[in-house]
Amino acid sequence: MRRTLLPAASLPAVVGLLLLTACGTEHQGAAAPGAGPSAAQDCGAGADTGSAAGSGSPDGEEVVIVGTGTRPVAGRVLPCATYSVTNRGTEPRTYTVTLQFLSTETGTGLAMPKETVRDVAPGRTVRRTVTPDDISPDAAAGQAHAKVLTVRSVPVAEEPSRGGACPPAGVRVYADDGDAAMGLRVVGLHLENCGTRPYRIEGHPRVELLDEAHERVEGVSILEGGDAIATGTGADGAPERLVLAPGEHARAGLVWRNTVDGVTGDPVNAPYARVWARPGAAPVTVIPEFDLGTTGKLGVGPWKRAEKEREGAGAARPGGR
């Protein structure tokens, strides 16, 4: 058990030579140093190499920007960057990588694309090239470079699910993008019965906070009821026994404050939450990006029946956010 402090200690990076494919393609396979085209060939002219374990990249994982350049898109010449994700761990993982494109001349941010790289097997490397379509028109050829901001990952076996095939357990569990106001944070946990049988839940989901290295965070009180933190969030009320028919939904709220008083200790940051919908359920790992300040408290609301969500409304985070 470990308490994670801000600023988070940098984690070890394992840096190696990674192969590239043509710009805009994706490849999954074992890395083979010394073969393949150069970074400049991969993403146009102006290759720029660098590496980053990424904020939140645990031991045994690696995200590296291996080339930057330009490519024509709809009559414009836009910056692009090629990066590689290598899983040096022991289980398949899904990654969420946030990159930032910056002006080479001024250093100002131009775009922050977020990429999801799913089901990377142990010992495998996946290469991606990204060209942000929302980049400023002022970002002309040769005026931008890219860096890795954050790397998050979850085991494939614990990946949240919002669409596609129904998981073997017959339920989907995921987190929404949440809401923040005046230091108060509220993130919804969603459960959908996508199976063929009724699904029974009662009380509060079990929640365990994990730090950037996926270790349990110590020193945080997990409280039943969002009203333990603030009222009016919808995460309060008495626990109920629910029987969800196929296609029905339930929701529970996670509530916290990011208050820092400078007296009670150091701020706590915990990117992940491991969630059990009910006793005996398989865990799901979501990424609410908890910034608990020095409060040391997280309120977990009870499961409540929810109306079926409008198709396409909102956006679940890959790996939960």
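This is a predicted model: local features need pLDDT of at least 70, side-chain atom pairs count only at pLDDT 80 or more; totals for chains, interfaces and linings use all residues.
What is the handedness of the disulfide of Cys-166 and Cys-194, given the torsion about the S-S bond?

**Figure 1. The disulfide between Cys-166 and Cys-194.** The structure holds 1 disulfide, in which Cys-166 is joined to Cys-194 with an S to S distance of 2.0 Å. The torsion about the S-S bond is about 75 degrees, and the disulfide is therefore right-handed. This pair links distant parts of the chain, 28 residues apart. Cys-166 belongs to the loop between strand 9 and strand 10, whereas Cys-194 belongs to the loop between strand 12 (184-193) and strand 13 (199-202). In general terms, a disulfide is a covalent bond between the sulfur atoms of two cysteines.

**Figure 2. Accessibility of the two cysteines, Cys-166 and Cys-194.** Cys-166 has a relative accessibility of 30% and counts as partly exposed. Cys-194, at 19%, counts as buried, because buried means under 20% relative accessible area.

**Figure 3. The salt bridge between Glu-212 and Arg-152.** The side chains of Glu-212 and Arg-152 meet at 3.8 Å, N to O.

**Figure 4. The salt bridge between Glu-158 and Arg-274.** Here the N to O distance between the side chains of Glu-158 and Arg-274 is 2.5 Å. The two residues are 116 residues apart and link distant parts of the chain: Glu-158 is in the loop between strand 9 and strand 10 (171-175), and Arg-274 is in strand 19 (residues 272-276). Glu-158 is buried, with a relative accessible area of 12%, while Arg-274 is partly exposed, with a relative accessible area of 24%.

**Figure 5. The salt bridge between Arg-93 and Glu-91.** The side chains of Arg-93 and Glu-91 meet at 3.0 Å, N to O. Arg-93 has a relative accessibility of 8% and counts as buried. Glu-91, with a relative accessible area of 35%, is partly exposed. The count for the model comes to 13 salt bridges, and the pair of Arg-93 and Glu-91 is one of them.

**Figure 6. The polar contact of His-190 with Asp-176.** His-190 is found in strand 12, and its relative accessible area of 9% makes His-190 buried. The side chain of His-190 makes a polar contact with the side chain of Asp-176, at 2.9 Å.

**Figure 7. Gly-234 and its position relative to Ala-252.** Gly-234 is found in the loop between strand 15 and strand 16 (241-244). With a relative accessible area of 40%, Gly-234 is partly exposed. Gly-234 and Ala-252 are separated by 18 residues in sequence and by 8.6 Å in space, C-alpha to C-alpha.

Definitions and conventions: Residues are numbered from 1 along each chain as its sequence is written. Side-chain values use heavy atoms; hydrogens and water are left out. A salt bridge is a side-chain nitrogen of Lys or Arg within 4 Å of a carboxyl oxygen of Asp or Glu. Buried means under 20% relative accessible area, exposed over 50%, partly exposed in between (1.4 Å probe, protein chains only). Helices (H or I, at least four residues) and strands (E, at least two) are DSSP runs, numbered from the N terminus. A disulfide is a pair of cysteine sulfur atoms within 2.5 Å. A polar contact is a pair of N or O atoms within 3.5 Å; within protein, one must be able to donate a hydrogen and the other to accept it, and residues adjacent in sequence count only if both atoms are side-chain atoms.
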